[in-house]
Amino acid sequence: MNLSSIQEDFKKTVCAQIELKPQGTDRFLVKTPFRFEDGDHFVIALKRESDGWILTDEANTIMHLSYWMDTDVIESGNRKEIVDSSLSTFSVENRDGELVIPVTDERFGDALFNFVQALTKVTDISFLSRERVRSTFMEDLRVFLKSKVPEQRLQLNWQDEKRDPAGKYTVDFRINHMKRPLFIYGVPGEDKMRDATISLLTFERWGLKNQSLGVFEDQMSLPRKPLARFTDVVGKTLSDFEQDNRERLGSLLDEVLQEGEGEKKET
Amino acid sequence: MLIPLSDEEIDALIRERKTTPRALFPLRLVEHNKHRRRDCEVKSASGNEFVIAIRQSVIDGLNFSVILMHRRPGFNTLFRLRRYNGMHGEHTNEIEGNKLDDFHVHTATERYQKLGAKEDSFAEATSRHWNLDSAIRCMLEDCGFDSAPPSPQIPFSFPGQTP
């Protein structure tokens with residue numbers, strides 16, 4: 001088979017799989033071979049708007065994603081950034097959940113290619129929510145700390161009973177009997193990091209003496225801005241809870257506990 | 001790699017006796033991102049946990065899904081056992097190599113899990129349901145739920161409408 005016949009085959013095959021089916025006034029269903037992971041094809045409709053033609057997914061893409069994941073998570077944080085950038089790269093608008101690309105200069109084919117690429121990139125977001133065994137990170141951290149810190153010096157889910165009887169600003173692990181108790185936060189994700197940031201800022205406002213440590217499950221996976229806010233208010237951080245950092249945490253605890261023994265005790 | 005559920009395990013979960021959630025009658029859907037939605041939790045006598053998820057496009061009422069999902073102990077996502085879809089466009093069964101363009105029902109299978117695809121990638125065309133109401137009824141009938149009210153007595157309502 002020569003190059004020109006291969007090219008001819010590409011053209012024939014690709015074109016043959018694209019079909020325009022009239023449905024209603026000034027509305028056509030664009031049938032393509034492009035589909036979601038479950039075999040359902042992308043919904044693409046060609047519609048006339050007041051000032052020209054558009055291709056729209058008729059809000060199907062995000063609805064379809066909601067079968068597999070909590071779509072609220074694509075409205076903030078890392079996933080929102082990825083979705084927004086995928087759409088803007090291909091000049092696709094998000095109209096309250098409906099993805100739309102205007103057809104400019106009657107370039108219908110270009111608009112379709114761009115639209116399909118954008119839809120593919122948006123649906124790839126579901127790879128970030130793959131099924132996995134639920135994380136044991138917090139449980140592992142708790143077991144580790146209990147093995148290193150004497151029981152009478154370790155408080156779990158601590159709150160300042162005087163200033164915060166409702167327990168709005170808690171500390172995962174508080175190591176006491178020191179002038180400046182050590183507050184340790186386990187940080188498995190973005191929500192927890194935001195809560196820890198708010199708690200530490202509140203303690204700062206109260207003038208509550210403490211030293212603090214944040215242990216991430218995976219710092220690299222977190223969005224930059226909230227991460228920057230957290231690192232501004234927390235004393236030290238460990239980027240993950242793998243073997244090297246477990247050893248670092250163990251050494252740090254040894255130092256803190258020895259330091260505490262020499263100080264005037266405070267509960 | 002996660003251990004796939006076998007076809008026998010999937011079938012047992014689908015057929016297991018379940019109580020029809022009261023939240024379906026009347027069904028109140030919440031609108032967001034141009035689709036209406038409702039999730040209902042279901043717990044069977046054996047302690048298995050399920051979720052019924054209902055979705056319907058605001059733009060195209062025939063584009064809907066009624067999904068029965070199982071909450072696998074220890075996992076972070078839900079396993080889709082059955083999905084009753086509207087007529088949203090085409091569906092292709094990758095393994096069987098056929099294409100549908102009709103109302104259809106997705107079923108989880110062992111073979112698609114082993115392929116690395118979504119568990120409910122297999123679908124068959126149906127004439128048993130033709131709108132959201134009948135799709136819900138088919139799901140209740142097929143998936144071990146106790147009896148649903150007969151069709152005319154199901155007062156579905158959407159935001160802004162009286163049930």
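Tutor: This is a predicted model, and over all its chains there are 13 aromatic pairs.

Student: What makes Phe183(A) and Phe203(A) an aromatic pair that is edge-to-face?

Tutor: Their ring centres are 5.4 Å apart and their planes make 70°. Rings pair if their centres lie within 6.5 Å, and planes over 60 degrees apart count as edge-to-face, so both terms apply.

Student: Why is this pair said to link distant parts of the chain?

Tutor: Phe183(A) is in strand 9 (residues 182-187) of chain A, while Phe203(A) is in helix 6 (residues 190-206) of chain A, 20 residues apart.

Student: Are Phe183(A) and Phe203(A) buried or exposed?

Tutor: Phe183(A) has a relative accessible area of 0%, and Phe203(A) also has 0%.

Student: Why is the pair of Phe216(A) and Phe230(A) called edge-to-face?

Tutor: The centres lie 5.7 Å apart and the planes stand at 80°. That angle is over 60 degrees, so the pair is edge-to-face. Phe216(A) belongs to strand 10 (residues 211-216) of chain A and Phe230(A) to helix 7 (residues 224-233) of chain A, so parts 14 residues apart in sequence are tied together.

Student: How do you know that the charged end of Arg174(A) sits over the ring of Trp158(A)?

Tutor: The charged end is 4.6 Å from the ring centre, and the limit is 6 Å. The term also needs the charge to be within 35 degrees of the ring normal. Trp158(A) is itself part of a cluster linked by ring pairs, together with Tyr169(A), Phe183(A), Phe203(A) and Trp206(A).

Student: What makes Ser212(A) buried?

Tutor: Its relative accessible area is 8%, which is under 20%, so Ser212(A) counts as buried. Ser212(A) is in strand 10 of chain A, and its side chain reaches the backbone nitrogen of Gly235(A) at 2.8 Å. Among its contacts beyond four places in sequence are Phe183(A), Leu200(A) and Val233(A).

Methods
Residues numbered from 1 in each chain as written. Chains lettered and ligands numbered in written order. Heavy atoms only, no water. Phe/Tyr/Trp six-rings, centres within 6.5 Å; stacked < 30°, edge-to-face > 60°. Helix = DSSP H or I, 4+ residues; strand = E, 2+ residues; numbered from the N terminus. Buried < 20%, exposed > 50% of the residue type's maximum accessible area, 1.4 Å probe, protein only. Polar contact = N/O pair within 3.5 Å; in protein donor to acceptor, adjacent residues only side chain to side chain. Contact = heavy atoms within 4.5 Å.
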